[in-house]
Amino acid sequence: TLYDDQRAVFDHVAACGMPPDYLEQAKPMPRALYDEYTARMGPVISVPDIQAVSGLPNAALYAAVNTRTVAGASMCRNEQLIGGLNIFTFGEARHFTTDELTLLKGLADQAAQAISNAQLYEAEGRRTLRLMKILQLSIDMAILHDEDALLNTLVTRAATIAESPACTVLLIDEATKEAVLIAQSGLPEGTPPQLRVPLTLPVIRRSIESGEPIIITHIDRDAPEMRRLLVKLEITSFFAYPMMREKQTIGFITLSSLAPHMPSDSEITAYRLLADRAAAALENTRLLEKTERHLKQVQALHTIDAAITASMDLRLTLKILLDEALAQLRVDAAAVLTLNPHTQTLDYVTGSGFQTKNIEHSHLHLGQGIAGRAAYERRRISSTDLSETDESLSTSLLKDESFVASYAVPLIAKGQIKGVLE
């Protein structure tokens with residue numbers, strides 16, 4: 001048997017002389033039962049008639065194969081429990097001599113050394129492979145210039161590398177003191193794309209302030225307060241690795257496990273490295289996108305300036321203005337309203353992106369609606385939720401457009417209001 005420290009049980013992993021389905025049927029032995037017997041008998045135990053002992057997890061199996069005498073020796077290496085080497089007799093009871101039990105203990109010690117070496121070799125192989133995959137992922141992220149592609153690549157491959165049922169990236173919104181979900185893999189269908197998680201729990205605050213990862217091996221036992229924040233309810237272990245830039249926590253990469261799991265030091269080091277590389281790649285991608293947007297905006301202003309200089313046709317100039325506004329500001333529709341100095345109303349001149357012609361009948365008094373206020377107050381006016389304001393045109397002129405937000409900017413020349421871009 002091999003000992004699983006996470007579950008505190010001994011698993012049956014290899015057998016000789018047993019029925020073919022023995023390993024499938026054998027139940028794990030609790031650590032508490034092992035401690036009880038070793039406390040009474042020491043590292044080598046001998047039970048003459050195992051079927052006479054009650055309360056054993058495999059009592060029915062012992063009876064089925066007619067197991068009678070069991071002797072076992074602990075397998076330990078450097079004071080670390082590795083497992084147990086057990087021998088059985090069938091049919092009749094047998095008394096093992098002291099020499100036989102000493103030999104069994106010697107074999108167990110040799111097996112413990114061999115298993116320990118094999119486990120170390122396997123662990124080193126897993127560590128090396130994990131680091132290679134993380135470094136390759138870092139290289140792949142570095143050449144991605146699209147934020148969505150970068151994030152999708154990150155969560156998908158990180159979940160595979162960590163064998164995690166889910167992986168998320170959350171960025172901290174300092175204004176609201178929340179972590180905002182910006183990418184995920186493995187969360188339930190219907191999870192809100194911009195899910196917000198409050199940063200009020202002490203375990204989260206400590207991680208943000210210290211830069212240390214959140215390691216919860218058993219949520220319900222160690223941090224039940226975290227359960228209400230989780231979307232994937234079936235997970236048992238949860239890990240969050242801070243994404244750091246200039247010694248500041250900007251977000252987290254989260255991983256999880258369906259069973260209790262305590263990551264090794266090498267695992268924690270590897271995933272902290274991944275979080276650092278991801279933060280750097282995300283920052284670089286955003287800087288590049290910001291630079292490209294700025295360049296496009298400069299080019300757009302040049303295009304508009306050229307149109308104003310080269311043409312006396314107002315509608316053509318305004319069409320170019322609106323086309324650039326839609327492209328650069330990434331909005332769905334835009335319109336120019338000009339101020340009639342005689343009636344003191346803002347009248348529709350041209351627009352783009354509208355589904356109906358309602359806007360074309362627009363005549364707003366100064367101070368009326370978002371556009372009217374922008375002209376009257378000579379400043380930008382916005383409403384990010386038209387359903388919560390009664391000054392928008394959503395209930396009349398724009399009722400069929402399904403707009404959710406509106407922004408208006410006054411058009412001013414030589415100190416005089418000429419109109420509004422909405």
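## Overall form

The chain has 10 helices and 18 strands in its secondary structure. The model is a predicted one. Its radius of gyration is 35 Å, whereas a compact globule of 422 residues would have one near 22 Å. Along the principal axes, the C-alpha atoms fill a box of roughly 115 × 40 × 40 Å. Buried residues make up 40% of the 422 in the chain. Among contacts with a separation of 6 or more, 50% join residues 24 or more positions apart.

## Nonpolar cores

The largest nonpolar core holds 28 residues, and the members that touch the most others are M141, L154, V169, M243, I253 and L274. Two or more residues of this core come from each of α4 (98-142), α5 (147-161), β7 (167-173), β11 (237-245), β12 (248-257) and α8 (265-310). The largest share belongs to α8, with 9 residues. Apart from this core lies another one of 23 residues, including A166, L181, I204 and L229.

V169 is one of the core members that touch the most others. Beyond its neighbours within four places in sequence, V169 is in contact with L151, L154, V155, V180, L181, I182, A183, M243, F252 and I253.

## Helix packing

| Pair | Crossing angle | Axis distance |
|---|---|---|
| α4 and α5 | roughly 175° | within 10 Å |
| α5 and α8 | roughly 170° | within 10 Å |
| α8 and α9 (314-329) | about 175° | 9 Å |

How are α4 and α5 oriented to each other, roughly parallel or roughly antiparallel? Their axes cross at roughly 175°, and angles over 145 degrees count as roughly antiparallel, so α4 and α5 are roughly antiparallel to each other. On the α4 side the contact involves R130, K133, I134, Q136, L137, D140 and M141, which meet L150, T153, L154, R157, A158 and I161 of α5. By class, this contact of α4 with α5 contains 7 nonpolar, 2 polar and 4 charged residues.

For α5 and α8, the axes cross at roughly 170°. That makes this pair roughly antiparallel as well. From α5, the residues in contact are E147, L150, L151, L154, A158 and I161, and from α8 they are Y271, L274, A278, A281, L282, T285, R286 and E289. The contact of α5 with α8 divides into 10 nonpolar, 1 polar and 3 charged residues. L154 takes part in this contact, is listed in the contact of α4 with α5, and belongs to the largest nonpolar core.

A179 sits in strand β8 (residues 178-185). Its relative accessibility is 4%, so A179 counts as buried. Setting aside residues up to four places away in sequence, A179 touches L170, L171, I172, L195, R196, V197 and L199. Between A179 and H261 there are 82 residues of sequence separation and a C-alpha to C-alpha distance of 25 Å.

T350 belongs to strand β14 (residues 345-352). Since buried means under 20% relative accessible area, T350 counts as buried at 15% relative accessibility.

## Positive phi in loops

Most residues other than glycine have a negative phi. K177 is not a glycine, yet its phi is positive, at about 55°. K177 is placed in the loop between β7 and β8, and its relative accessibility of 46% means that K177 counts as partly exposed.

R378 also has a positive phi, near 55°, in a residue other than glycine. The loop that holds R378 runs between α10 (369-377) and β16 (381-383). With a relative accessible area of 45%, R378 is partly exposed.

Conventions
Residues are numbered from 1 along each chain as its sequence is written. This is a predicted model: local features need pLDDT of at least 70, side-chain atom pairs count only at pLDDT 80 or more; totals for chains, interfaces and linings use all residues. Side-chain values use heavy atoms; hydrogens and water are left out. A nonpolar core is a set of buried Ala, Val, Leu, Ile, Met, Phe, Trp, Tyr and Cys residues joined through side-chain atoms within 4.5 Å. Buried means under 20% relative accessible area, exposed over 50%, partly exposed in between (1.4 Å probe, protein chains only). Helices (H or I, at least four residues) and strands (E, at least two) are DSSP runs, numbered from the N terminus. Contact means heavy atoms within 4.5 Å. Axes are lines fitted to C-alpha atoms, for helices over the stretch in contact, and angles run from 0 to 180 degrees between N-to-C directions. Angles under 35 degrees count as roughly parallel, over 145 as roughly antiparallel, 65 to 115 as roughly perpendicular and the rest as oblique. Ala, Val, Leu, Ile, Met, Phe, Trp, Tyr, Cys and Pro count as nonpolar, Asp, Glu, Lys and Arg as charged, and the others, Gly among them, as polar. The radius of gyration is taken over C-alpha atoms; the globule rule is 2.2 Å times the number of residues to the power 0.38.
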